[in-house]
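Open the model in your viewer and keep the selection tool at hand. This tour tells you what to select next and what is there.

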Amino acid sequence: MPKKKRRCDEAQLKWFEEALERIKKATGARTQVQLAEVLDVRQSSISDAKRRCSIPADWFLKLYRSHGLDPDWLSEGVEPVYINADKAKVPADTLLRETPAPYGRMNSRGRLVPVSTMAGADKDAAEWEPKSIEELSVPESFCRPKLLVVKVDSASMDPVITRGAFVGIDRDQSEHPDGDLCAVHFPHQGLTIRRVFHQGDTFLLKADNDQYSDLTIPAEEMNDRTVGRVIWVLQNLAPM
């Protein structure tokens with residue numbers, strides 16, 4: 001009788017996909033065809049490996065010889081990235097930023113980032129600039145090139161964002177999709193975080209907490225006063 005093909009379980013498939021993603025990032029291979037060329041194997045060999053959820057040991061050896069990559073990093077995300085950095089095609093810092101180890105593993109990376117007040121360096125200034133008051137360690141996967149982290153001093157978005165929460169804001173994102181959370185600058189007050197809705201010639205900034213009034217901004221001012229969009233929130237869900 002023919003042998004029954006072994007099927008991958010969910011954990012094996014997740015491991016394979018994460019390892020393959022590290023290989024692609026480190027080699028610059030974007031397609032299965034390009035990856036086959038880098039590994040000097042048939043394209044069908046990659047399909048076979050995915051079906052088995054298993055990466056042949058000789059692939060790791062080839063990648064060490066051609067790119068100086070550490071097999072432990074390729075397999076499990078354990079640093080260092082390179083054994084021989086002279087053969088690196090992509091800087092290690094770039095790879096660690098773009099392909100972090102899954103959060104929760106012992107080897108997952110964190111990064112210390114500055115935390116600003118909502119008021120900023122000078123709340124009376126025409127443009128808002130951060131004022132650092134402390135540092136926060138966040139998972140590498142939470143970081144962005146223009147990440148801004150602020151400590152919330154208002155309950156206007158309670159219970160979604162509570163007073164004292166840490167909010168990550170991407171300053172590269174200045175779009176205003178209806179209902180999204182945006183950080184907007186109000187001169188003499190500092191930053192406010194509200195849900196944004198476009199209404200003709202104005203934008204409505206809506207609070208989740210009914211005890212706070214909604215705000216409006218003329219549409220022509222919105223781009224200049226938008227600091228960025230909220231991409232994550234870290235906060236306690238229960239009293240300490």
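Begin at the largest pocket, which has a volume of about 290 Å³. This is a predicted model: local features need pLDDT of at least 70, side-chain atom pairs count only at pLDDT 80 or more, and totals for chains, interfaces and linings use all residues. Residues are numbered from 1 along each chain as its sequence is written, and side-chain values use heavy atoms, with hydrogens and water left out.

A pocket here is an open set of points on a 1 Å grid over the protein atoms alone, where a 1.4 Å probe fits, with protein on both sides within 12 Å along at least five of seven lines. Lining residues have an atom within 4 Å of a point. Points are joined across faces, edges and corners, and the volume is the space filled by probe spheres set on them.

Select D153, S154, Q189, L191 and T192. Of the 17 lining residues, these lie nearest the centre of the largest pocket. Now colour β6: this strand gives the largest share of the lining, five residues. (Helices, H or I of at least four residues, and strands, E of at least two, are DSSP runs numbered from the N terminus.) By class, the lining has ten nonpolar, five polar and two charged residues. Nonpolar means Ala, Val, Leu, Ile, Met, Phe, Trp, Tyr, Cys and Pro; charged means Asp, Glu, Lys and Arg; the others, Gly among them, are polar.

Next, the second largest pocket, with about 170 Å³ of space. Select A126, E127, W128, E129, R171, H185, D224, R225, T226 and V227, which line it. The classes here are three nonpolar, two polar and five charged.

**Backbone stops**

Most residues other than glycine have a negative phi, and most peptide bonds are trans.

Go to P80, in the loop between α5 (71-76) and α6 (92-98). Move on to P159, in the loop between β3 (147-151) and β4 (166-170).

D40 sits in the loop between α2 (32-39) and α3 (43-52). D40 is exposed (over 50% relative accessible area; buried is under 20%, partly exposed in between; 1.4 Å probe, protein chains only), at 66%.

Finish at H188, between β5 (181-186) and β6 (190-199).
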